[in-house]
Amino acid sequence: MGSPAAMARLGGIAVCGGSRVGPALLFEESPDVVALPDAPAQDLRVEKERLRRAAQVARDDLERLQSQLGGEAGVGGIFRAHGLLLESVLPGIEGAIDAGQAAERAVAGVLHAAASRLASSANRLMAQRAQDLVDVERRLLRALTGGGVQAGAGPAGGDRPVVIVARDLTPSETAALEGRAVAAIALEEGGVTSHSAVIARSLGIPCVVGVAGLLARVQHGDPLWVDGTQGFVVVHPDEASRREALGLAERYDRFERSLLAESQLPCETLDGHKVTLLANIEFPPDVDAGLARGAEGVGLYRTEFLVRPGSPLPTEEQHLQAYRSTLQRLAGGRLSVRTFDFGSDKESPLGGPREPNPALGVRSLRWCFAHPQAFHVQLRALLRVAAEGDVRILLPMVAGLEDLRQARALIAAAAAELIEQGLPCRPDVPVGIMVEIPAAAVTSDLLVREADFLSIGTNDLIQYDLAVDRLNPRLARLFQPSHPSILRLLRDTLAAADRAGVPVTLCGEMGGHALHTALLLGLGLREFSVSPGTLPRVRRLLRSLTVDRARRIARECLELTTAEEVEAHLRRNVAPIEAGEAGR
Amino acid sequence: MSGPAQARRRVQVVNEKGVHARPAAMLATRAKRFASQLAITLVEVPDGGGAEAGTRVDAKDVLEIMFLGAPPGAWLEIEAHGDDAEAAVAALAALVDAGFEE
């Protein structure tokens, strides 16, 4: 085996705060090839016995992993599947031993053949699944080669919560972690605004993403310290580091508890300006998480989760049920529902030609216009639920007035139809637009003439304005919310809305980042919609600022020339305010 | 004289990631609880799905089911021959319909 476990500290991007130590669980191993000892079979009976023992070790490991992570449909289900795969390949491996191969050769031969059969599938999704076979192969080989048994045994320590280590997680994989024994998440890839990050935050699992070199250094069961507040991972922490980790965990947790305790305090600046705090909803459970943290309503209700790729689109009743149950839980609070935002990173459920540049393609509102029936059904449900409470329609990816007018015409047609059918609805439901295409921000003075409200989507606004794919980890450094261009777009949009008396919300991740929260307050923003987990921190910061001070900071930032200068200025001026609070 | 019972049903794959290892394992586990012979045929694949329509596999073999490579949106035909054919088909179809609880 290699050198004794050396401690190593790897930097990453802080996504969700907290400090945790736990054994690593490689969620998806990289498919590099395990070196095979090139020994011929000596005695077939011996080889078969070795295989039998290795299979038993693998079986035990898999069962332990499964019971630890639980659930047939959850993370544990993957290991259950591996167990079944193992049983289904064993006869073939025995056959290969009968034909004169050593156990290692037989294992590798049979599993490689199966994996390459899957990997060669033209179906990209299925090709990725070859990974499961590679995983089973490695597990058997580790068990066969003896020394590796412990490493292959998975996280030790019974039901100790594990640290999930992966290249990246899909949204459903991340969501499936809810309620499992997961201490923390560390990902090699991903950015602050990737979906896995958004979900980790909503589940409150300490998380660090963009950790370069993570997968190359970590084996199953390695102890890991994840600090999701400062954004680093320590592999094989020594005694001193473990103590430090524990101390930090206590400090962070105490801080979080004290934040939570303030959730029902009014969100007002020190000089008495009221600020509205709303929650972004990715999945239905976020609603309760938001309410528990004192959200006054929902500023961004994403509707893509209503659709499962490959299955039929939701019916009007299904839409209605989802919106209605959320509205009822909000008890009078507002519910801004964003219409379907498919395309780009959220694949269209209706298929369609592959686009060379999906972020600039038929996505969001353009997708809705291209699929009028799907849009119509959603609009009908929204018009109907709007008769029951404070529901607002939010249109994504509006580039100009034509988009808004076209959508309004469709809304009017749907309303006329409902009225004719005698169904209660609210034809004058407020219709707002996402300001996420730079064109919309630049022409916000024109858009506010006809939009009932604006919602600034900074994630896409930054991506499009700076021409930086927000999901490309190699560009993470260039995704700069503090870029002078972004500041100007925000300033102009907020000013235009203010002059026209049109309400503005901001629902990007930027609003929940302390330094930017202060900047945005100073630029004039009075409605923040952030992920539920971020609410307490934003509330506390807003409660410790005066609008005058925030304005001065924002004015100074607008004079600066680079994102770096702006960040530095914000750190100097805002961090002490936050730290003063964090220091109790 | 009637032979052993037969049953078949078409179902659509509705979960986000198609029939990968975990769903395949769930299908095979459930299939093994029945005495009937059970087969799954991939009858229709959405455009660009990449998998080969027409492939037929043993529903009790997890690896074979994985090889089907059924992507989201694909249609499967589940068929059973044996005394508990009806129940077996219903049980597997329910799993697929439920999106494998993903």
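This is a predicted model: local features need pLDDT of at least 70, side-chain atom pairs count only at pLDDT 80 or more; totals for chains, interfaces and linings use all residues.
So, how many bridges join S14(A) to strand S15 of chain A, and do they run parallel or antiparallel? Residues are numbered from 1 along each chain as its sequence is written, with chains lettered from A and ligands numbered from 1 in the order in which they are written.

Okay, chain A. Its secondary structure comes to 23 helices and 16 strands; helices (H or I, at least four residues) and strands (E, at least two) are DSSP runs, numbered from the N terminus. Of its 584 residues, 51% count as buried, and buried here is 20 or more other C-beta atoms within 10 Å of a residue's own, with exposed being 12 or fewer, partly exposed in between, and C-beta atoms placed from the backbone.

Back to the question. The answer is 3 bridges, and S14(A) and S15 (residues 504-506) run parallel. Two strands count as paired if DSSP finds at least two bridges between them. In that pair, A:Ile456 has A:Leu506 of S15(A) as its bridge partner. S14 (residues 453-456) is also joined to S13 (residues 431-435) of chain A, by 4 bridges and again parallel. There, A:Ile433 stands opposite A:Leu454.

Next, a helix: H22 of chain A, residues 547-559. Its 13 residues reach 19 Å from first C-alpha to last, close to the 18 Å expected at 1.5 Å a residue (the expected span is 1.5 Å times one less than the number of residues). Its buried residues are A:Ala550, A:Ile553, A:Ala554 and A:Cys557. Seen down the axis of H22(A), they fall within an arc of 100 degrees, so they line one face of the helix; the arc is that of the directions from the helix axis to the C-beta atoms. Why does that spacing work? An α-helix has 3.6 residues a turn, so residues three or four places apart point the same way. The face of H22(A) turned away from the buried side carries exposed A:Arg555 and A:Glu559.

Last stop, chain B. Here we have an open sheet of 4 strands in the order S1-S4-S2-S3, with antiparallel pairing. S1 (6-12) and S3 (56-58) of chain B stand at the edges with a single partner strand each, so one side of each is left without a neighbour in the sheet. S2 (residues 37-44) of chain B pairs with S3(B) over 3 bridges, and B:Thr41 has B:Arg56 as its bridge partner in S3(B).
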